[in-house]
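Here is a short report on one protein model.

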Amino acid sequence: RGSSHDVSVIAVSLGHMMAVLWLLLILSSWARLADASCSGMVDVPQRYSNRELIEEGDRLRDDVDFMTRLRQGRLKRLREELRRHNVTAAVIFDPINIRYAVDFRNSVLFYVRNPLQYLVVPTNESAKCLLFAGSFGSDALLEAFNGSLEFHPAIGATMASAGPRENEKIDDWVNQMDEILSPLAETSPFGKRIAVERFQERATRGLRDRGFDFIDAQIPIEYARSLKTEEEIVAIRHGIKVVEEGVHRLRDALSQPEANVTENEVWSILHSTVIACDGEYAETRLMNSGPKTNPWMQESGTRRINIGETVQLDTDVVGPFGYYVDFSRTFTAGYGLPGFQATEKQKKHYKLAMEMVKHNMELLIPGASFEHVTFNAWPIPEEFQAHKYHVQTHGTGMTGEYPYIFHPSDWASHGYDGVVKEGMTLSVEAFIGSDQGGEGVKFEQHGVITKDGFQLLSTNVPPEPYLLEESPQLCSA
């Protein structure tokens with residue numbers, strides 16, 4: 001009887017072992033599928049309250065050492081590029097580039113169209129940067145820079161600010177710049193060669209008449225911005241966390257959407273989260289639904305969202321600390337309703353978009369040429385060629401930025417070569433929309449190039465299980 005009992009125990013144990021092995025086999029196959037679909041995204045998203053996100057941002061802002069390293073690291077990168085391009089100084093009008101150089105944030109969108117504040121960045125590291133702006137809010141900034149930034153009143157040399165005296169004010173601006181730049185040129189090995197952003201033709205002609213030569217300041221600035229410091233990555237991670245939470249809240253509203261809810265009403269949920277958590281603004285209005293999803297680039301409006309329709313978005317958010325957060329997601333309205341099922345075409349297009357992004361992310365390793373990435377990209381089927389997104393990958397920093405990596409079909413007309421470098425932050429794009437019509441799918445991931453390749457940063461809004469026909473638990477971190 002004891003022998004029979006032992007055999008029974010062994011049989012039960014073997015049965016348990018086989019069950020465990022079978023479960024491990026299933027989990028292993030799920031993990032492989034998850035890796036193909038999720039590419040590093042979390043299994044269960046982490047959710048945050050506004051208070052948690054605000055306090056995390058405040059901790060970074062209140063960390064004097066962190067903020068000093070963040071600011072000094074960017075200014076150092078900029079000056080390195082100015083020296084590499086053999087210029088004595090840069091004259092900057094773009095408020096986003098001003099923020100990159102000296103972290104000055106004031107009415108960004110106003111100054112994008114009104115060049116009434118400007119910055120001079122000497123290449124010489126011992127010289128102070130000179131900020132020409134209105135006095136409001138400048139005292140706190142000057143204090144934060146501990147004497148390395150100097151404030152001067154700006155000259156309003158635009159039609160709106162000067163009216164019929166515009167030419168007079170432009171000449172005053174030329175005199176002001178000559179007084180600043182000439183002494184710098186006297187002690188610089190690059191003389192009167194200056195990097196200048198676009199401004200009135202009369203102004204640049206006036207400086208040229210005084211012996212100055214120019215390059216487009218956007219060239220060294222873009223190269224500087226393309227490589228991020230460790231502190232920038234920390235700030236970007238925080239911004240992504242804020243925007244991901246906003247996208248989750250938007251997604252929640254689509255689970256069982258209110259009757260007659262409009263695109264704008266849903267889109268505003270993301271905006272609300274971004275502003276509440278000290279983000280800046282959404283640079284575009286790229287959220288759309290139903291027939292507006294194909295072709296891409298149709299902006300949100302008052303269209304009512306219907307149950308079962310595709311809803312897609314591109315975040316394009318300038319978030320906390322001024323860093324651009326750029327990833328895209330696609331949902332189906334009503335996905336949380338009992339008995340909901342996505343259509344086979346929605347699933348097919350969604351999987352193609354994810355496959356495209358995953359393939360192209362794997363090409364982004366340090367040292368890879370843009371040409372190599374271009375011609376080894378995921379082959380877009382002919383049906384989707386006409387409506388493809390205009391680039392396959394682009395830089396992402398304080399806005400969309402250098403580099404742009406194009407599709408093979410566009411290499412001859414738009415492509416240029418370069419090298420993928422460690423420290424670049426890039427967004428990898430996919431849009432799948434048939435030239436025969438019907439709905440489209442937008443998917444995009446935001447990541448950073450490390451020594452090992454593309455490391456995903458936009459991890460916390462995983463793929464939609466109802467569009468992949470898999471459990472949401474399949475996506476492992």
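Of the 477 residues in the protein, 54% are buried. Buried means under 20% relative accessible area, exposed means over 50%, and partly exposed lies in between, with a 1.4 Å probe and protein chains only. This is a predicted model: local features need pLDDT of at least 70, side-chain atom pairs count only at pLDDT 80 or more, and totals for chains, interfaces and linings use all residues. Residues are numbered from 1 along each chain as its sequence is written, and side-chain values use heavy atoms, with hydrogens and water left out.

The accessible surface comes to about 21,300 Å². Carbon and sulfur atoms hold 53% of that surface. These areas come from the Shrake-Rupley method with a 1.4 Å probe; for residues, only the protein chains shown count as cover.

The protein has 17 helices and 17 strands. Both are DSSP runs numbered from the N terminus: helices are H or I with at least four residues, strands are E with at least two. Take contacts (heavy atoms within 4.5 Å). Among those between residues at least 6 apart in sequence, 68% join residues at least 24 apart.

**Helix H2**

H2 covers residues 50–62, which is 13 residues. From first C-alpha to last it reaches 18 Å, close to the 18 Å expected at 1.5 Å a residue. The expected span is 1.5 Å times one less than the number of residues. Leu53, Ile54, Gly57 and Leu60 are buried in H2. They cover an arc of only 125° around the axis, so they sit on the same side of H2. That arc is taken from the directions from the helix axis to the C-beta atoms. Arg51, Arg59 and Asp62 are exposed on the other side of H2. The buried residues of H2 pack against H3 (64–84), H11 (230–255) and H12 (263–276).

Five of the five residues of S2 (residues 118–122) are buried, so the strand is largely enclosed by the rest of the structure. Tyr118, Val120 and Pro122 point one way from S2, while Leu119 and Val121 point the other way. In a regular strand the side chains alternate between the two faces of the sheet.

S2 pairs with two strands, both antiparallel to it. Strands pair if DSSP finds at least two bridges between them.

| Partner of S2 | Bridges | Residues facing each other |
|---|---|---|
| S1 (residues 89–92) | Four bridges | Ala90 and Val121 |
| S3 (residues 129–132) | Three bridges | Leu131 and Leu119 |

A hairpin of six residues joins S2 to S3.
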